[in-house]
Each structure stands twice: as C-alpha cells, then as structure tokens.
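Here are some exercises to work through with the model open beside you. Try each task on your own, then follow the solution step by step.

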Amino acid sequence: MSTYMLGVDIGTTSTKTVVFTLDGQVVAQHAVEYPLLCTAPGMAEQEPQQIYQAVLESIGSAVRAAKADAAEIVLVSFSAAMHSVIALDADNQLLTNSITWADNRASVWARRIRDEFDGQAIYQRTGTPIHPMSPLCKLMWLRHEHAAIFARAARFVGIKEYVFFRLFGRWLVDHSIASATGLFNLQQLDWDRGALDLLGIRAEQLSPPVPTTEQVQGLDATVAHQLGLRVDTPFVVGANDGVLSNLGVNAIHPGQVAVTIGTSGAMRTVIDRPMTDPSGRTFCYALTQQHWVVGGPVNNGGNVFRWVRDELATAEAAAARAADIDPYEALTRIAEQVVPGAEGLLFHPYLAGERAPLWNADLRGSFFGLALHHRKEHMIRAALEGVIFNLYSILPAVEDLIGPTQRMMATGGFARSALWRQMMADIFNREVVVPQSVESSCLGAAVLGLLALGKISSLDVIADMVGSTDRHLPIAANVEVYARLRPIFMALPHKLAAEYEALAAFQRS
C-alpha cells in the first residue's frame, strides 16, 4: 500500500494542497482561489468562512486527484500566510473579516507605536518590525478607531487558528504564526506582557501557543468523509509560509538564503536561536525551537510585473494574447532587448508602500533618471530590475546579523523566468539555484509533519527531496553595471522620506 502526506498552504490569494509521497514526490495538487477585499483606502480583507471552505475543497480535491485511500494518508500539515487578525465575540462569532498582512489602515498607529510607545523595545522582544502589517498595529488601530468592535471582542486570532477551530473545536496557535504577531516574546515562547498591556488585552483573548510540531486529531466524521480522510488522521499545526518556504527549498544551513517572489517577495535565512536587528530592519520568526528564520519581506514583487502588463504595456500584452503567447513571456522578451541597467533608468517599485528594510507604508513607486533616449522597453526592464534591487537592499541587514552569504535559492513565479534569475545573480553577485520543488511551503509543511510524527529525526532529509533545475552564475560585466547603480537606488528612499510622507498624506486626504 502506498503512503502519502499532505501539505496545505493557506495563502493570500488561494489555498493549495499538495499530495506528496513520503520521499517528497508530488502526486497531485489542487488550489482554490478567493478574492482580496479592497473596497476602502488601505483595506485588504478576506472572508474567513470562504477561506475555510477553500481549505476543505482544496484538501478533498487533491486527495481525490491522487486516488488515495483514506488509510494511505499518514498526515496533513499546514502552512499559512502571516499577520492576519480576526475578532470574534464570546460565542466565537465573527466580528470582522480576516484583516490581512496587506492591509495598511494601521499606518498611523504603527508610526505612533514606533515614536511614542517604545516600539523598538517591543520589536526587540517579539521579532516583528513595527509596521501596519503587524497584528500589534492592527489591534491598536481597532482599539482606537473601531472601539465598539474591540470592546465586544472576546478573542483575536489568525486565519489558520480559525480554520483549526472550525475543524477541531480547539483554539491554538503555533509558535511560528505567533512570532509574526508582534505580541509573542521570542525568549519566553509566550505572549509578551508589555505588548498586551499596550493594547489593553489579556493573554486569554489570544490562542494558547504550541510548538509547530503539535498534532491534533478527531475530525468530525462528516468532514472526514468530505475530505477523504480518516477521523483520526493526524493534523500537524505547522508554521508560517515564509519559514516553511526556506525548509522546502533546503535553505536551512549557514550562508544559504532563500529568495521568493510571488505577488510580494522575501529574503530569509535560518539561524539556531532568536536574533533581532539593532536597527529594526529584519524579522525573526520561529520554524522549530531549534530553527529560527531572519530576513525581510517586500510588498512589491510580481504585483509590479502585473502593473506593467496592465497599465504600461497593454498593447503589447493584447498582441501577445492574440498570438496565443503568455503576456509575461512577451514582456520579458522586450526587456531582454535592453542592456542591463536600462541605460541609467531606475524604478523604485513601491506601488504598495514597503516593508523591509525601510518599513515605511508611505513609500510610493517612481521612475528615476528618465531621459529622451528611454523608451517603453527601458521602462519594462527597469521595473523588473527594480524588484531585484529592492530585494538586494535587505541583504546588508541580513549579513550584519549572520555574516557572509553564498548560495541563493530562488522560488516563486519569477523563478520560471531566465531573465529574472540572471538579473538576481548579477545584482546580488552570487550563484542562484532554482530548486525542483516549486511548492516549497507545502513541501516544507509536509516535512515538518514527518518530524512531528517521529518519522524522521532531522529536517536535513529535505536535501534528498530538493534537486535543482537551473543554476545561474554572475556575469562580470553585468555585476559591474549593477554595482554602480545600486547605491543610487538605495539612497533615494532615505533622501525623499519627507516627500513620500507628504505625498501619501495627500493621497489619503
């Protein structure tokens, strides 16, 4: 009889379930999409019930696609997006939607926490930078701007907690998701008293923290039948999507860095103990009690390329569709016609504000250096380079903490593009490796599940599951060009901080 493991990733735009063999081979997968609700300035919410149903549909469909018998499924383990907040009343009824990481409505309160409430000290204890993405800031915003909801709330949870409660009737939060709330003390592995006092909430209003290897069993028989699982199938609570992506690409040893670009992006590396940056530039999140992940997320990744397609290159995209060509592939070919550095044109990709390393929701996108010799193809290339330059700006903060890095593992939709991969190798001046596993968070969750069940003794087994499909070495001439442009790119956001703030205030007015 075959045996399988399931990795489930509750993401920002969809929930995906992948069925793996126990040695990491993909058998089947299924994803269910859902919308992001953005009906007010800065708002980015989702409906928790819709996501719960997506989890059920995703798991059930993947199991059916794998033609797996319920007895063959040895575990289900979870990954989830970070920083979501849901308020519930004393009867566990929803008072809010899931307020996602992308919601910027707490920006004013993030600034006040930084400036007036010793935000740096909170960051040093909790590892989550002070930013509107953080549940700490979201709850401060709820308390002061939606006081009636805040007063009625008996509990504040994230989306994975809500899903587990619906499945098992039990509230719990893994150390990994908790460590991304700004409310969790990394040394004590418990809720931080200072952060809770600032918000005026009690630990009892938050879920009990548990290790990422915590198992839960006891599915309702009707739900188990719907999913194609046994009622006693072990569910492992798992971790957040970022740290599991590092595990899923085997970037878990010193000097190895995982870089992901999906809708947004991130750079992360694994260390063996909690560590924060004196300047507050990086996050620190738990993978296990022996593995911690430091790095930085960016708001602007694939969303920038989508904006280029939909707003800047509509004619080119339409022509590509008419010729049955992927518009992104067509735009990449256009960008390839332009020399590295786009002949002195820079693009700051802050279309959605920015997180690491600047942590400034007021940042806005711009082209810098436009001249009469620049054409649309220069702008396309500059936009793609701007995403990579922006990710590079996190590297000095990471290396200040852990020392030099060498190899970079590239994942996410951008890793399918040879142009973007080579840009990364040239801008970072490092070897870039693309792993075979494209569903890194799902694989990471599944392998963490194996550890939880005692079927493996070390996460190092991931090395046997992750091959490489592409390797890119830096091209010396390109490295030289980008080395001249990088300091200009990185200096401008600091020089224009006051102007960004004024413009963002104007846009909000």
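**Exercise 1.** Which residue just after H15 takes a positive phi?

*Solution.* Gly 403 does, with a phi of about 95 degrees. Before going on, please keep in mind that this is a predicted model, in which local features need pLDDT of at least 70, side-chain atom pairs count only at pLDDT 80 or more, and totals for chains, interfaces and linings use all residues. Residues are numbered from 1 along each chain as its sequence is written, and side-chain values use heavy atoms, with hydrogens and water left out. Helices (H or I, at least four residues) and strands (E, at least two) are DSSP runs, numbered from the N terminus.

**Exercise 2.** How many residues of helix H6 are buried?

*Solution.* 
- Step 1: In H6 (residues 159-168), 9 of the 10 residues are buried, which leaves the helix mostly covered.
- Step 2: Just after H6, Gly 169 has a positive phi of about 70 degrees.

**Exercise 3.** Look for backbone features in the loops.

*Solution.* 
- Step 1: His 83 is not a glycine, yet its phi is positive, at about 75 degrees. His 83 sits in the loop between strand E5 (73-80) and strand E6 (86-88), and its relative accessible area of 5% makes it buried.
- Step 2: Trp 359, also a residue other than glycine, has a positive phi near 50 degrees. Trp 359 belongs to the loop between E19 and E20 and counts as buried at 6% relative accessibility.
- Step 3: The loop between E19 (346-348) and E20 (366-368) also holds Pro 357. A cis peptide bond, with omega about -10 degrees, links Ala 356 to Pro 357.

**Exercise 4.** Is Ala 44 buried or exposed?

*Solution.* 
- Step 1: Ala 44 is buried, with a relative accessible area of 2%.
- Step 2: Its place is the loop between strand E3 (26-33) and strand E4 (45-46).
- Step 3: Counting contact as heavy atoms within 4.5 Å, and leaving aside neighbours within four places in sequence, the partners of Ala 44 include Leu 37, Cys 38, Ile 99 and Thr 100.

**Exercise 5.** Step back and describe the whole protein chain.

*Solution.* 
- Step 1: The chain has 19 helices and 23 strands.
- Step 2: Buried residues make up 60% of its 509 residues.
- Step 3: Its C-alpha atoms fill a box of roughly 65 × 55 × 45 Å along the principal axes.
- Step 4: Of the contacts between residues at least 6 apart in sequence, 72% join residues at least 24 apart.

Notes:
Buried < 20%, exposed > 50% of the residue type's maximum accessible area, 1.4 Å probe, protein only.
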